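Welcome! Please take a moment with the model below, and then we can look at its pockets together.

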Amino acid sequence: MEFIKISDCCHYFSGSVNIGYIHKDGKGMLIDSGIDKGTAKKVLKILNEHHLPIDYVFLTHAHTDHYGGASFLQKQLQVKLHAPPLEAAIMEHPVLEPIYLWNGAMPIKQLRNKFLEGDPVKIDGFIREGENELGPFHFEAVHLPGHSYAQMGILIGEILYAADAYFGAAVLAKHKVPFIVDADAAIDTLENLLNLSFRGALPGHGDYEIDIKETIQANIDCHANIKQFLLSCVNASANGISMDGLLERMFDHFGLKAPEIGQWLLYRTSFTAYISSLIESGEVSISINGHTPWLKGESLKISE
């Protein structure tokens, strides 16, 4: 983990998950907290070495790699935690993530691990879209849904802390099918980022960049390619195809590996998000065929 300075007030801890840090008027604000107590301890150690405080923590969204260390910080420092309201509900009741991954049923023990269910925290305040103020920190909270239901980023000092609104090019190439819960929202968020003004941006996974247009376009293309592949598979099946059959084709085509049930469920969630987009656009229809969810291509009707 390396502590990197972007500007006089903006910094970040680089790692598999980037963690933002803002310092102003003797106060410090952390943006996300890492996956667990161990990560949070490393952050705290480095800040102590630099004689820098943590007074506030903003948690961008309710995935454990971003909020899992917050419980330790809250207990250790009595620091105040802030988050978007919907994401806060999951952070305070983290079993909700394995529940939604397991189709709403109480999850099996294999899903109740630190990668899918972080330690619960008490959120002290909500951050909503638009201008916000925490102590000396004045910032714009930017609504960035798609990867998560109500993810927020922070724009402060002309630097955008973008959470998982987009992924660095190397990360995108490695995972091939990024985790999303809403394909249309994910793409809208990416397109909105292209119109947002800032001096540089940091994703949750990837490198800080001054110009992110190429990286954003790579993310847009990634989503478009996955959707197009799924649609072409459905259209190539004259009698339709089962959702399970199409999911298997996605795994094969993109060379996805999921040796554990948790990883498989994450991919399935992304798959379902893309299918939802195709259904809602009218390009695909869904029905039940022999007790199995069944997908068929729909011809677009053009009215003259």
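Which element gives the largest share of the lining of the second largest pocket? The answer is α10, with 7 residues. This is a predicted model, where local features need pLDDT of at least 70 and side-chain atom pairs count only at pLDDT 80 or more, while totals for chains, interfaces and linings use all residues. Residues are numbered from 1 along each chain as its sequence is written, and side-chain values use heavy atoms, leaving out hydrogens and water.

A pocket here is an open set of points on a 1 Å grid over the protein atoms alone, where a 1.4 Å probe fits, with protein on both sides within 12 Å along at least five of seven lines; lining residues have an atom within 4 Å of a point.

| Pocket | Volume |
|---|---|
| Largest pocket | about 1400 Å³ |
| Second largest pocket | about 230 Å³ |

The second largest pocket has 15 lining residues, and Val181, Arg268, Thr269, Thr272 and Ala273 are the closest to its centre. Elements giving two or more residues to this lining are α5 (96-101), α7 (183-194) and α10; helices are DSSP runs (H or I, at least four residues), numbered from the N terminus.

Now for the largest pocket. Its lining holds 44 residues, with Asp65, Phe115, His175, His205 and Leu266 nearest the centre. Here too α10 supplies the largest share, 6 residues.

Where does the largest pocket lie? Domain 1 (2-165) and domain 2 (222-297) both give residues to its lining, so the largest pocket lies between them. These domain bounds come from an automatic or database domain assignment.

Terms used. Grid points are joined across faces, edges and corners, and a volume is the space filled by probe spheres set on the points.
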